[in-house]
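Dear colleague,

Please find below the structure for your records.

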Amino acid sequence: MPSTHETEMDWSFHRDHGLTPIINVSGTMTSIGASTVGAEVQGAMAAILPRFVEMHELQTLASKAIVEATGAEAGFVTACASAGVTLSVAGAITGLDAGLAERLPEHAGERPEVVVQSGHLCHYGAPITQAIALTGARVVSVGQSTHVQDHQLAAGLSERTKAAVFVASHHVVHYGQMPLARFAEICHARGVPVIVDAASEYDLTGFLAQGADVVVYSAHKFLGGPTAGIVAGGRPLVRAAYLQNLGLGRGMKVGKESIFGTIAALQQWRQRDTNQIAAAQQATLDAWRGAMAESPGVRVETVPDPTGNPLSRLQVWLDPEIAGATAAQLAVHLASGNPAIITRTHEVELGYLLLDPCNLTAGQAEVVTERLQEALALAQASGLPAVDLNDLRNRGTTGYLNWGGA
Ligand SMILES: *Cc1c(COP(=O)(O)O)cnc(C)c1O
């Protein structure tokens, strides 16, 4: 049975609490609880919860684990990657001056600036421009969405520039962008530190090797840790970012359980059997592919991750004239069933959805196979309910607006 986690499928928790059962074939999504946390990490979190610890000592332990995993000089754990971006930018602005850190987002003198390539101005559930602007800095975008040249970055840098942010993600434009090494070279020539948002990237060493001064990761994405962020980099900037916990970072507080859980997640990550995991994921993709091979109007392709993470997804193209449904209709139908099958629909208006095998627990791949076959048969027989693509595009916000509490 192909699976990437050892846990048996069990919906009693959801039933007991009146929560919708979910099978996640979308990837790591904040909206459905990020990732599942394995027994070792749970154990670490449970072990520290009933105890007092000196938090600076605990963050020193975290720093050691981060240094081991990334090759950085130092690191610490924060609330999430978005917090890590804010604190790193703030650290680049204030250095180790606690007075300046407490005053943010106000500044004594001129408003500091932070440069970002236009094609990197992404939204990961919130705009990255806001994560930067929380520090009081002005975001200066350089180049255009699909086009940036060296002189444009150089022209965006001035004596007001305190940092440059580079985003490595499927959320950003994938062509015409300046690669990190050149980006860092141009920034460093002007004394500007480079902060890389690599929240969802598996590569824990490459960005620093290419010239990043600080790299930020999510603990709750591929690492399978608790909700937290990892800041890794050169010691001066990491220390300045850490200092922000007495200012801006207070509203982004991370608990001892998440720090210790992140340490455990990093250790787990180093010990994982990558070949076994890759083989299980490939077997799942092959099974789904086989299950849809005979479905009219459905074309299936295995596609590599766009940023080079070592994983593949199944791209399911639907020809609505023949299949009886669009990819968006199939996605909404699968999500409205029980359990809800949440697919990856970032690009669904282009005619396909993606199935991500990374977050399945035992037995779930088979449920997805059955539900895909049922849905495609139903689409053939009678079509699927209409879907407004504008509703789908706006649902990240409508979910919040529709929430009314108890
Ligand atoms: C997920 C993501 C974030 C946000 O990460 P959190 O840890 O959830 O705050 C930021 N940037 C990118 C590129 C992401 O993919």
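The accessible areas reported here come from the Shrake-Rupley method with a 1.4 Å probe. On that basis, the accessible surface of the protein chain amounts to about 18,900 Å², and carbon and sulfur atoms hold 53% of it. Please note that this is a predicted model.

Regarding the overall fold, the protein chain contains 16 helices and 12 strands. Its radius of gyration is 22 Å, close to the 22 Å that the globule rule gives for 406 residues, so the chain is as compact as a globular protein of that length. The C-alpha trace spans about 70 × 50 × 45 Å along its principal axes. Of the 406 residues, 49% are buried. Among contacts with a separation of 6 or more, 73% are between residues 24 or more positions apart.

As to charge, the protein chain carries 25 positive and 37 negative charges, whose mean positions lie 8 Å apart.

Tyr-202 lies in the loop between β6 (194-197) and α9 (206-209), while Phe-222 lies in the loop between β7 (214-218) and β8 (229-233), so the pair ties together parts that are 20 residues apart in sequence. Both Tyr-202 and Phe-222 are buried. Ring pairs also bring in Trp-269, giving a cluster of Tyr-202, Phe-222 and Trp-269.

With kind regards

Notes
Residues numbered from 1 in each chain as written. Predicted model: local features only at pLDDT ≥ 70, side-chain atom pairs only at ≥ 80, totals over all residues. Heavy atoms only, no water. Helix = DSSP H or I, 4+ residues; strand = E, 2+ residues; numbered from the N terminus. Rg over C-alpha atoms; globule rule 2.2 N^0.38 Å. Buried < 20%, exposed > 50% of the residue type's maximum accessible area, 1.4 Å probe, protein only. Contact = heavy atoms within 4.5 Å. Lys, Arg positive; Asp, Glu negative; His and termini not counted. Charge placed at Lys NZ, Arg CZ, Asp CG, Glu CD. Phe/Tyr/Trp six-rings, centres within 6.5 Å; stacked < 30°, edge-to-face > 60°.
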